[in-house]
Amino acid sequence: MTRLRRRLVDLTIFVLAFVLIAVLAGILEIDAGKVSTSGHYVWQVQSWLDGRFDLGPSPGPWVVDDKITVNGHYYLMYPPLPAMVMLPFVWLLGDGFSDVWFTWGVAALVMVLMFRTLELMRHRRITRRTTLENLVLTAVFGFGTIALWLSLGGKVWFTGQMMSTAGIVLVLHSTICRRWWLAWLGVGLIALTRTTEVVVGVVPALVYLRDLGVGRRTAGRWNLRPERLPSLREVAAAVLPLAVCGGILLARNKLYFGSVTSTGYDIHTANDVVTFPYGLMSWHYVWPNFVIDFLRFPDFHFTGVNDAHPVTNLRANGMGTSIFFSTPLLLLFLVSSQGKAADRWMRAVMWTGTAALFVPVILFQAAGYDQVGARYLLPIYPTLFLLLAMRADRIGPRWVMLAGLGVFSNVLLAKAFWAGPLNSQWVSGPSSRFAWATAAVVMAVCALTCWLLAGERPAPSAAEPPGAAPGAAPGAAPAPTAAEPAAAS
C-alpha cells in the first residue's frame with residue numbers, strides 16, 4: 001500500500017468516526033456550538049490570551065469542586081497539554097470554539113492511531129489479523145467501549161482522558177516501529193495530560209532493552225546484560241523529549257503554584273474542597289475500585305412485587321459499571337484460551353504494560369465519579385485491544401456478537417449519561433424507539449460484518465517474524481529494518 005493510499009484510508013477513518021460521533025451527539029441533543037459546562041481548558045486558554053495564568057478572582061462558570069485557590073485567585077490543577085493544543089483554535093475562532101467538537105476530533109484521531117498500530121502489527125507478523133479484522137477491532141475500540149460516551153460532550157475530564165489515550169496509542173505504535181524519539185515524546189506528552197499514565201513507558205523500555213539483547217536466551221542461557229551499549233543518538237532520543245516535556249510541567253508548577261514540586265493536588269486537598277480520607281492514592285480504595293471496575297452491573301427498580309415494567313438504572317448512581325458490561329468482548333480473556341500467538345514475547349510486554357497502567361487506577365480515589373462506565377480504566381483499553389489482536393483465533397460470529405453487545409451497551413450508556421434523568425424515560429420499557437432502533441442498526445452491521453469476514457481468507461502466518469535478530473528465541477520481537485516503519489506507519 002502506497003503512502004498516499006494509507007493516508008487516504010486514515011482520513012476516511014477519521015472522517016467517518018467524527019461524523020458518527022457527531023450524529024450520535026446530535027441525537028442526544030449535545031450542543032457542539034458552545035463550550036461545555038466544564039470547559040476548563042478553554043477558559044484556561046482565554047486566560048493565557050489575556051496575559052494571565054489564573055482564571056480570575058471568581059470561579060465563574062467552572063465546577064466549584066475543581067477549583068484551586070491561591071491568593072484569592074482560581075487556578076486549573078490539570079496539566080496543560082490539552083489547553084496548549086486548543087490555543088491556536090481559540091485564538092482563531094474565539095467564541096466559535098467548543099471543546100465538544102474538539103473532543104470528537106481527538107476521539108477520531110485515537111481510532112486512526114489504533115488502526116495504524118494494528119496494521120503495523122500485521123505487517124510485522126506480530127498478529128495474524130487481516131486488514132478487515134483490524135478495521136473491525138478499530139470500530140469496536142471507538143464505539144464498543146467507554147471511549148464512546150467519553151468522546152461525545154467535551155468536559156475537562158473526558159477531553160483529558162481522550163488526549164492521554166491518544167498519547168498511549170502513539171507510544172505503542174512508535175515502540176513497535178522503533179521510532180524511539182516519538183515513543184518517548186509520547187510518554188512526555190502523557191505526563192503533560194494525565195501524569196499517572198506515564199507508566200505506559202514500561203512498554204518502550206522493555207522493548208528497547210530487548211533490542212539491546214537484555215533478556216534474550218541464546219545457547220540455553222538468559223542474557224541479563226546488553227549485547228551492545230546504546231549510542232549517543234539513542235540516548236538523546238529518550239532524554240531530550242522527556243526533558244522538554246518535564247521542563248514544561250515543572251515550569252507550569254512554579255508559575256501556577258509557586259513550587260516546581262506542587263502539582264496543585266496538594267493545594268486542592270489543603271483547600272478542603274473535597275475530602276480524601278486516605279489521600280489521593282491508597283490501598284483502601286482497592287476493593288471499591290475493584291467492585292466498580294469488574295463486578296458492578298446496572299440494577300433494576302421495582303415498584304412492587306407485581307411490577308411488570310421494572311426500570312433499569314444505567315447511571316448506577318454515577319458510580320459506573322463493570323468493564324465486562326461496557327465491553328463484553330473482553331470476556332474472551334476469561335472464558336477461552338488465547339491460543340498460540342505469533343509473537344509470545346510481545347504479548348508478555350503488552351500484559352506488563354496493562355498491569356502497570358492498572359496499578360494507579362486501582363489505587364486512585366473516587367473511582368471516576370460521575371460516570372456510567374469505569375472511565376479510569378480507559379488507559380488499559382489500548383493494550384487490551386492489541387492483546388485481543390494477538391489472539392490466535394479468527395474474528396468470527398462469537399467475536400462479532402460480543403462486539404455488537406458492546407456497541408449497544410455503550411450507546412445506551414451514552415444516552416443515560418448525556419440525556420440526563422429527565423430525558424431518559426426510554427429505559428422504562430422495551431418498546432422504546434431509541435433502544436429498538438439502536439438494536440436494529442447494530443444487528444444489521446453485525447450481520448454485514450459476519451458476511452464480509454466469512455468471505456475473507458485468513459492472514460498468512462509465519463514461524464518466525466521477518467527481521468528477527470540472529471539467535472533470537474522463537475516469538476521474539478523482530479528487529480526493525482529501514483523499510484518497515486515507512487511501509488506500515
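These questions and answers go through some local features of a predicted model.

Me: Which residues make the nonpolar surface patch of about 640 Å²?
Reply: A residue can join a patch only with over 30% relative accessible area and no salt bridge. Val15, found in helix α1 (residues 3–27), has 41% relative accessibility and therefore counts as partly exposed. The patch is made by Leu4, Leu8, Leu11, Val15, Val19, Val23 and Ile27.

Me: How many salt bridges are there?
Reply: Side chains of opposite charge can pair when their charged atoms come close. Here a pair counts when a side-chain nitrogen of Lys or Arg is within 4 Å of a carboxyl oxygen of Asp or Glu. By this rule the count is 13.

Me: Which helices hold Arg116 and Asp10, the two partners of a salt bridge?
Reply: The side chains of Arg116 and Asp10 meet at 2.6 Å, N to O. This pair links distant parts of the chain, as its residues are 106 apart. Arg116 lies in helix α4 (residues 99–123), and Asp10 lies in helix α1.

Me: Are Arg116 and Asp10 buried or exposed?
Reply: The cut-off for a buried residue is under 20% relative accessible area. Arg116 falls in that class, and so does Asp10: both are buried.

Me: Which residues are linked with Arg116 in a network of salt bridges?
Reply: Arg116 has a salt bridge to Asp10, with 2.6 Å from N to O. The network takes in this pair and one further residue. The residues linked with Arg116 are Asp10 and Arg7.

Me: What is the N to O distance in the salt bridge of Arg228 and Glu234?
Reply: Arg228 is partly exposed, because its relative accessibility is 37%. Glu234 is partly exposed too, with a relative accessible area of 22%. Their side chains meet at an N to O distance of 3.1 Å.

Me: Asp393 and Arg391 meet in a salt bridge; what does Arg391 count as, buried or exposed?
Reply: The N to O distance of this pair is 3.4 Å. Asp393 has a relative accessible area of 21%, so Asp393 is partly exposed. Arg391 has 2% relative accessibility, so Arg391 counts as buried.

Me: How are helices α8 and α9 oriented to each other?
Reply: Helix α8 (residues 180–191) and helix α9 (residues 202–212) have axes 11 Å apart and pack at about 155°. The crossing of α8 and α9 is left-handed. Angles over 145 degrees count as roughly antiparallel. So α8 and α9 are roughly antiparallel.

Me: Which two residues does a cis peptide bond join?
Reply: Most residues other than glycine have a negative phi, and most peptide bonds are trans. In the cis bond here, omega is about 5°. The bond joins Tyr369 and Asp370.

Me: What is the phi of Glu29?
Reply: Glu29 is found in the loop between α1 and α2 (40–49). Glu29 is exposed, because its relative accessible area is 69%. Although Glu29 is not a glycine, its phi is positive, at about 60°.

Me: What is the phi of Ala367?
Reply: Ala367 lies in the loop between α15 and α16. Its relative accessible area is 6%, so Ala367 is buried. Ala367 is not a glycine, yet its phi is positive, at about 65°.

Me: How many Å apart in space are Leu386 and Thr117?
Reply: Leu386 lies in helix α16 and is buried, because its relative accessible area is 1%. Leu386 and Thr117 are 269 residues apart in sequence. In space, their C-alpha to C-alpha distance is 8.4 Å.

Me: How many Å apart in space are Val359 and Thr196?
Reply: Val359 lies in helix α15 (residues 344–363). With 45% relative accessibility, Val359 counts as partly exposed. Val359 and Thr196 are 163 residues apart in sequence, and their C-alpha to C-alpha distance is 9.7 Å.

How values were computed:
Residues are numbered from 1 along each chain as its sequence is written. This is a predicted model: local features need pLDDT of at least 70, side-chain atom pairs count only at pLDDT 80 or more; totals for chains, interfaces and linings use all residues. Side-chain values use heavy atoms; hydrogens and water are left out. Patches are made of residues with over 30% relative accessible area and no salt bridge: like charges are joined within 9 Å, nonpolar side chains (Val, Leu, Ile, Met, Phe, Trp, Tyr) within 5 Å. Accessible areas come from the Shrake-Rupley method with a 1.4 Å probe; for residues, only the protein chains shown count as cover. Helices (H or I, at least four residues) and strands (E, at least two) are DSSP runs, numbered from the N terminus. Buried means under 20% relative accessible area, exposed over 50%, partly exposed in between (1.4 Å probe, protein chains only). Axes are lines fitted to C-alpha atoms, for helices over the stretch in contact, and angles run from 0 to 180 degrees between N-to-C directions. Angles under 35 degrees count as roughly parallel, over 145 as roughly antiparallel, 65 to 115 as roughly perpendicular and the rest as oblique. A crossing is left-handed if the near helix is turned anticlockwise from the far one by less than a right angle, and right-handed if clockwise.
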